[in-house]
Amino acid sequence: MPRFFKEGKGAYLWDADDKRYIDYVGSWGPAILGHADPDVIHAVKTAAEHGLSFGAPTEAEIEMADLLCGLLPGMDQVRLVSSGTEATMSAIRLARGFTGRDKFIKFEGCYHGHADALLVKAGSGLLTFGNPSSAGVPAAVAADTLVLGYNDVEQLEQTFSKLGTQIAAVILEPVAGNMNLIRPTEAFLSALRRLCTEYGAVLIFDEVMTGFRVGPTCAQGLFGIQPDLTTLGKVVGGGMPLAAFGGRADIMSNIAPLGPVYQAGTLSGNPIAVAAGLVTLKKVTAPGFFTALTAHTQALVEGLTTVAQAAGVSFTAQSVGGMFGLYFADKCPNSYAEVMACDKAAFNRFFHAMLAEGVYLAPSAFEAGFVSAAHTEEDIRQTVKAAERVFSRWQ
Ligand code: PMP
C-alpha cells in the first residue's frame, strides 16, 4: 500500500495515520530545503496576493533567467516551462530544428520525462515495472531514438562514426538518478563533449534532477564539462511547477518568435512558481550550503554502509552532493547492467523494514535518494540506527 501523506515540515513527513517519517524522497528532489521552508512559503503567499497567472512576462521571471544565466557559464539564454518533461521535450525539438537532423541518442536507464520519443528504455517507474518502454508510443515516433549504454565509450564512438552526421543531439543525466545512482566516468563525459563538437550534435545535459542538487553549478560545474543545452526542473521550482531549458544563444535563438522552432505554455514562468524557485535558488547557492549538504549526505551513506557491512550484508552506497544511491551489491554499479544485477528483493525488504522504522526511502531499487538542508546530524544518526536494527535481524 502506498503511504498517503498529509503534512511535510523540514525533514519529516506525516502520513494519514499520523505516523512520522524521516523523508529521503523530498518530493523526488525539489524539497532541498526541507518541506514547507518558511522563506519559500512566505514568498509563495506574497506572490499569490498579487495574482496567480498573467500569461505575460514578469520582472521576477527576468530575475530568474538572469540568475540561471549567471550561475551556469554555458547558459546564454533560458526559457521557463512548467515541468521537466516540457523542458526535455522542448530541448530535443530545438536541437532537431537547429541541426535539421532527426536522430538523437539517449542512454538506457536514463529518464527524461514522458514525451513519446524519450520513453524508450527509460528508467524510474518504467524500470520498476520491468516495462522497457510504454504502450501508446507509436514505433515511428521512437524510431529515431538511439539507445546506448551509459558509460560505454566504445559504443558511443562506434555510433558516431556510423551515424554522426545524422545525429541532432545526445541527451543524458550527467549523474544518472533514475536507475538508482550511476556516476559518469570522466572518459564518458569527455568523449560525449568531443564527439558532439566534432559532428555538430547538440549535447544536452538533463539536469532536472542534478541541477542545484549536486552542487551550486550543477553537475556541469562539478565535472567541468559544458553542455550546449541544459534542462532544469525540481529544485529550480522549490516545490512548485517550474522547469527551464537553456544554453547557447545561437541554438536558443531558433525558438519562436525569433526562430522557427515552436514552444509555448500558458503557465510558463508562472509568478508563484518563480517566487518559490527564486528563494530556493538563492538559499542553495549561498556560500557553504553545499559543503554542509554534501557532508550530511556522505555521513548517511557511510553510516549505512558501516552497519550493513558489520552485519555481513552485501551492501554499499555512494553520494554526489545531496543525492545518494543504495545498492545491495558488493560494489557500486557503473552501468545499467550492473544496476540490474543488484539484489532487488533485498532492497524491497530493506525498504519495507525502514518504513516500519519511520524512515521513508524511495520505494524502488532504481531511484536515487535525496537529503535536504533540514536533515540534522541527529536525523542521520537515527536513520543509521534504524538500519542497524533492520540489518541485525537480516539473516
Ligand atoms: N528528467 C529527469 C532527469 C528527471 O529525473 C525527471 C523527473 N524525475 C524528468 C526529466 C521529468 O520531470 P517532470 O516529472 O517534472 O516532468
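The centres of domain 1 and domain 2, taken over C-alpha atoms, lie 25 Å apart. The model is a predicted one, in which local features need pLDDT of at least 70 and side-chain atom pairs count only at pLDDT 80 or more, while totals for chains, interfaces and linings use all residues. Residues are numbered from 1 along each chain as its sequence is written. In the domain assignment of the protein chain, domain 1 takes in 5–37 + 287–392 and domain 2 covers 39–284, the bounds coming from an automatic or database domain assignment.

Where the two domains meet, 28 residues of domain 1 are in contact with 33 residues of domain 2, contact meaning that the C-beta atoms of two residues, placed from the backbone, lie within 7 Å. On the side of domain 1 that touches domain 2, α11 (289–310), β11 (316–320), β12 (323–327) and α12 (336–340) each supply at least two residues; helices (H or I, at least four residues) and strands (E, at least two) are DSSP runs, numbered from the N terminus. The largest share of this side, four residues, comes from β12. Its residues divide into 17 nonpolar, nine polar and two charged, where Ala, Val, Leu, Ile, Met, Phe, Trp, Tyr, Cys and Pro count as nonpolar, Asp, Glu, Lys and Arg as charged, and the others, Gly among them, as polar.

Strand β12 also belongs to an open sheet of three strands, in the order β11-β12-β14 and with antiparallel pairing; two strands pair if DSSP finds at least two bridges between them. The edge strands, each pairing on one side only, are β11 and β14 (369–370). Two bridges link β12 to β14, and Met 323 stands opposite Phe 370 in β14. Helix α11 packs on the sheet, touching β11 and β12, and its direction makes about 175° with that of β11; axes are lines fitted to C-alpha atoms, for helices over the stretch in contact, and angles run from 0 to 180 degrees between N-to-C directions.
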